[in-house]
Amino acid sequence: MVIQARGLGKKYSIGGRKESYDTLRDAIVNAARNGLGRVRHIGRINAQDDNIVWALRDVSFEVKYGEVLGIIGANGAGKTTLLRILSRITRPSTGSVVIHGRVGSLLEVGTGFHPELTGRENIYLSGAVLGMRKSEIKTKFDEIVAFSGLEKFLDTPVKRYSSGMSVRLGFAVAAHLEPEILLVDEVLAVGDAEFQKKCVGKLENVATRGRTVLFVSHNLGVVEHLCSRVLLIEKGHLVKDGNPQEVIDAYLCSNESSATSVDLRSHPRRDPTAIPVFEHLEIENATAPGKALRMGDGLRVRLEYRMPPDVDGLRVGITIDDLLGQRLVNFSPSHQCPDLLDNAPLAGTIECVIPHLNLMAGNYFITLICSHRGGPLDKIGRAVPLAIGESNVFNTGQIPDRTHGYLFLPSQWTIERSGDSHN
């Protein structure tokens with residue numbers, strides 16, 4: 001095993017007296033004042049028990065050589081804390097971890113950047129902070145620059161970079177580490193779509209070269225695509241360890257946002273440039289209300305809205321996307337009843353019923369889009385998860401799965417005997 005974690009726990013102090021971390025300088029000063037035998041441990045927590053919160057509690061797992069392990073969970077579940085312990089940024093409060101091999105971390109992209117230095121100078125600085133030798137950085141310099149796509153700005157001070165440019169350069173440096181173990185924390189949440197594809201490609205390359213990767217991400221599609229095994233962490237506890245599809249299914253089912261009734265007024269995934277229109281969303285099985293949605297069942301979507309008074313010609317779209325964010329199907333009254341919303345009230349409820357949702361079993365997301373003749377209004381990407389279970393839709397006992405695509409459609413088949421056939 002390359003990693004063996006046993007009973008890992010990490011506690012922090014909240015409120016009242018703050019958590020105290022002694023630096024090396026503090027320890028030396030303390031030793032000089034009180035004698036070498038009384039040096040305090042670096043990182044010791046000073047807090048009362050009632051002010052303690054456990055970010056991780058009794059987490060145990062093992063990782064094999066060459067394994068690509070995904071780690072998923074809600075914000076605040078303890079995923080980043082776990083990686084910080086494994087990368088030795090912080091020490092566990094309880095338990096132990098044994099690691100065999102050199103560890104590289106992509107936890108805080110852009111670590112070591114100095115705003116007054118140029119991109120070129122910061123490549124060397126950041127590389128050194130991440131543990132790369134100067135000769136190693138020099139050998140990979142051109143490759144790092146090409147990956148970042150910032151050749152034109154290489155001699156510009158980083159303080160003039162946009163946040164996206166800084167992230168690109170930071171990831172480009174960190175991605176060219178060559179450790180036996182790579183820890184990656186949500187780096188795919190930044191950068192444009194083209195750069196994110198580069199990042200995924202780089203991680204695929206690392207994985208196929210036999211290195212061990214621990215990958216934290218909220219992008220469940222990439223997790224399912226890259227990882228051979230996934231851990232689910234909830235409120236600091238390891239609750240599931242298994243194959244990606246099973247663990248992702250468990251996460252989506254347990255996630256509070258997977259409820260069939262969702263308040264959209266403060267939805268975290270609303271487009272920041274949007275004019276809020278959508279207020280509430282309900283989805284249910286239209287074929288068997290109250291039961292889980294299965295392949296071929298009908299889907300009912302009820303969408304409460306409130307639009308500003310100057311809207312002219314309301315347009316609404318409901319799309320179903322896969323875990324990678326690819327749009328699979330779109331439903332809009334504009335296609336079937338184009339006049340329905342022309343005289344829509346300023347506030348109301350729009351209902352859409354899809355008689356047969358012919359999607360393969362799996363996990364999807366519903367995205368909501370709203371516009372009018374004057375331009376876009378509201379958009380909430382991945383507004384609510386949509387889980388579809390398996391079903392014997394053709395009454396043959398043969399159940400199609402996602403290896404055959406995303407959609408299944410009824411079809412008729414016949415066979416004719418040719419004239420020259422033999423019995």
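1. Start just after helix α2, where Arg-88 takes a positive phi of about 65 degrees. Please keep in mind, here and below, that this is a predicted model.

2. Helix α2 itself, residues 79-86, is worth a look next. Six of its eight residues are buried, so the helix is largely enclosed by the rest of the structure. The buried residues are Lys-79, Thr-81, Leu-82, Leu-83, Ile-85 and Leu-86.

3. From there, turn to the interior. In soluble globular proteins, nonpolar side chains tend to be buried together. Here the largest nonpolar core has 45 residues, and Ile-72, Ile-123 and Phe-215 touch the most other members. Another core lies apart from it, with 39 residues that include Val-262, Ile-320, Ala-383 and Leu-386.

4. Now the aromatic rings: how many aromatic pairs does a search of the whole structure find? The search gives four. One of the pairs is Tyr-124 with Phe-141, which counts as stacked because the ring centres are 5.6 Å apart and the planes meet at 20 degrees. Tyr-124 belongs to helix α3 (residues 119-129) and Phe-141 to helix α4 (residues 134-148), so this pair ties together parts that are 17 residues apart in sequence.

5. Phe-394 and Phe-408 form an edge-to-face aromatic pair, with 6.0 Å from centre to centre and 90 degrees between the planes. Both residues lie in the segment after β17, and the pair ties together parts 14 residues apart in sequence. Phe-394 is partly exposed, with a relative accessible area of 36%, while Phe-408 is buried, with 6%.

6. Last, the cysteines. A disulfide is a covalent bond between the sulfur atoms of two cysteines. How many disulfides does the count come to? The count is zero. Take Cys-352 as a case: the closest cysteine sulfur, in Cys-337, is 9.1 Å from its own sulfur, so the two are too far apart for a bond, given a cut-off of 2.5 Å. Cys-352 is buried, with a relative accessible area of 19%, just under the 20% limit for that label. Cys-227 is buried too, at 7% relative accessibility.

Conventions
Residues are numbered from 1 along each chain as its sequence is written. This is a predicted model: local features need pLDDT of at least 70, side-chain atom pairs count only at pLDDT 80 or more; totals for chains, interfaces and linings use all residues. Side-chain values use heavy atoms; hydrogens and water are left out. Buried means under 20% relative accessible area, exposed over 50%, partly exposed in between (1.4 Å probe, protein chains only). Helices (H or I, at least four residues) and strands (E, at least two) are DSSP runs, numbered from the N terminus. A nonpolar core is a set of buried Ala, Val, Leu, Ile, Met, Phe, Trp, Tyr and Cys residues joined through side-chain atoms within 4.5 Å. Rings of Phe, Tyr and Trp (its six-membered ring) pair if their centres lie within 6.5 Å; planes under 30 degrees apart count as stacked, over 60 as edge-to-face and the rest as tilted.
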